[in-house]
Amino acid sequence: MTQAQIPLDDTTLLSGQEHHPIHKPWKWYDYFTYNIDHKVIGIQYLVTSFVFYLIGGLMAVAMRMELATPDPDFVDPSLYNALLTNHGTIMIFLWIVPAAIGGFGNYLIPLMIGARDMAFPNLNAIAFWLNPPAGLLLLGSFFFGGAQAGWTSYPPLSEITAPVAQSMWIGAIVLVGTSSILGALNFIVTILMMRVPSLSWDRLPLFCWAILATSALALVSTPVLAAGLILLLFDINFGTSFFKPDEGGNIIIYQHLFWFYSHPAVYLMILPIFGVMSEIIPVHARKPIFGYKAIAYSSLAICLVGLFVWVHHMFTSGTPPWMRLFFTISTLIVAVPTGVKIFSWVATLWGGKIRFTSAMLFAVGLLGMFVLGGLSGITLGVAPFDIHVHDTYYIVAHFHYVLFGGSVFGLYAAIYHWFPKMTGRMMNEKLGQVHFVMTFIGANLTFLPMHSLGMHGMPRRVAMYDPQFTALNKLCTFGAFMLAASLIPFLINAIWSWSRGPKASANPWNALTLEWTTASPPIVENWEVLPVVTTGPYEYGMSEEEAAAVEG
Amino acid sequence: MTDATAPTGAAIAPQVTTEVQANDHAHPDLRVWGLLTFLVSESLMFGGFFAAYLMVRGAASQWPPEGTEVELLLPAINTVILVSSSFVIHLGDVAIKKNDIGGLRKWYAVTALMGAVFLVGQAYEYATLGYGLSSNIFANCFYLMTGFHGLHVFIGLLLILGVLWRSRRAGHYSDHKHTGVEMAEIYWHFVDIIWIVLFALLYILTQFS
């Protein structure tokens, strides 16, 4: 068992030489101020990003109401364009990335590695406080018509529509990008340098491996997007012509710079969630994780190969055949380490004593949804098929299965799993089950019909469509309402449980990772005495001899 | 580095594992690692600009476009100044490792002066060139890349001046406590390396078209 114990040979900890005052617990208003405690910052990230999730969700509902009928009757088409642009932007840059990396990463990494805080606490706080202004910039851009060129903001469209709003959009992305880079370097240094000495690499929780891979990816890809966006900003505002073909520029350069970041960005959104899965599944299946090393190294493999697949977003951009071939192959290769993880989780579930807690329900739901999204991703990786469905609803279906069915399901699972640790209160399981059922059915009703719509040629990003698509679109809209309604039990559950849910013990799930060795919620600076790791993080249901055998 | 990170209590305590202590209440000083990680990211941003420039250049029939004269003499002098400043700043680092505050201040002041001369030279070049930011695609790239680099030189200059300012306080830097000095130096080397690539791309590559 991993437990907080005082190493007997280390007398300095008992000698009182380190007269470290125990800090008073934070008050509610501390969460609204500049605070350098990683746990406060984690919760700040989570709550802020959840607010943006609700805003982005309202935009999605407005779009689905527009698409309930073929005619553009609910919102003005240019407002529709602004909604689709900002829905995508907010969900990616202000919900999934900050919630998964900023929120859970910040909250859990120091706790999981036995550190008292991140390597650079001030930098951490600065990184968080870059996010709210970015969100305000995006929302404020609606007063100037809103950016309307899609979250990809390809020129020439982005250079000729709503220049002020588009510039604000660029400003917002550069802010969250900077936040992401600062966060990434903080995670890398923290995980590499600040593990408690008894935590060896082969006992590092898989979530930490995932965040390490994510951070490496964010560190090298985000600045390239920043470069592309700076060029775009100069084109819009300062008379340059980087992306103006008639004056010697080249629009394809933008697409390369954009996708060099934005394909890795999908891994930024899913790798931390893979880490979450590797934590939740063994705890609630009461079994050791299957293939610890395979899962850890596959995160690094995804990180590396993921940097060389970006052109599969550009198969229709006049890409030469050799490039199509190269990037088709690399895209199919990057699916392999993902498959390794999926099979490892299924093998972990196999024969386990599964507890269907809300966290586990969402984790298992994620498996089903993500496999579907992953399979449609493989079809899209193949250039000939991709050309057929490019810019249709098939694409929308695909990335909502991976981003909603994957990332958002994972975030819900993580919230249910770590809520007791963060708040010291248990969530209500019944409401959690209602939430899961509504989310699962709603997501499939919304996104499954889109595969068919896309294969039959319904283009994405248009406010009106051919009447032959009406029936399936009505189904999607109905599903979207259900998804919106699924938030009601969740919000009631979260708010009610946070204030008056039953008190949680330090380790309500009987988990073995280090965050469960301290109080719920953890004290400031995490432990009075740092824990000592004596076993691996996933040795559930094993006798000590068995555990020793696994450890080798 | 190790000296700087060890908590002061370690000197008097008998053979305690300093690692445990560093990981315990005293917060370890990992700033140099943080800076190096950050510079990886920064270089990728410049990498994005370089890639864009090379793609534009590769597609152009004539480079630089007709009527664009790329001046070489002044930038070459500037390059010599900036590259040699990297050696000068290192003398300051060597000095502080010998606990020689005077040496640190002298060499850092010389580096700051060289950096300032570089920036003035750059500004003079901007003022006398026959083209502006929006003249043509080469000018776009030229001003954006040198301007962006100039901004980094300016930040590096501020860091050096910051070191000089702090060095006034007795005992602020010493042979075993000079992380700030090292960080300014590392950043300055980075700015220098980026310039060498930029110089090759913008000034040398344009001589053969």
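Predicted model: local features only at pLDDT ≥ 70, side-chain atom pairs only at ≥ 80, totals over all residues.
Residues are numbered from 1 along each chain as written, and chains are lettered from A in the order written. Local features need pLDDT of at least 70, side-chain atom pairs count only at pLDDT 80 or more, and side-chain values use heavy atoms, without hydrogens and water.

Me: How are the ring planes of A:Phe419 and A:Trp498 arranged: stacked or edge-to-face?
Reply: Rings of Phe, Tyr and Trp (its six-membered ring) pair if their centres lie within 6.5 Å; planes under 30 degrees apart are stacked, over 60 edge-to-face, the rest tilted. Here the centres are 5.9 Å apart and the planes stand at 80°, so the pair is edge-to-face.

Me: Is A:Phe419 buried or exposed?
Reply: Buried means under 20% relative accessible area, exposed over 50%, partly exposed in between (1.4 Å probe, protein chains only). A:Phe419 has 6% relative accessibility, so A:Phe419 is buried.

Me: How many salt bridges are there over all chains?
Reply: A salt bridge is a side-chain nitrogen of Lys or Arg within 4 Å of a carboxyl oxygen of Asp or Glu. One of them joins A:Arg460 and A:Asp391, with the closest N and O atoms 3.6 Å apart. Over all chains, the count is five.

Me: Which residues form a network of salt bridges in chain B?
Reply: B:Glu182 and B:Lys97 meet in a salt bridge at 3.5 Å, N to O. B:Glu182 is buried at 18% relative accessibility, and B:Lys97 is partly exposed at 44%. The network links B:Asp93, B:Lys97 and B:Glu182.
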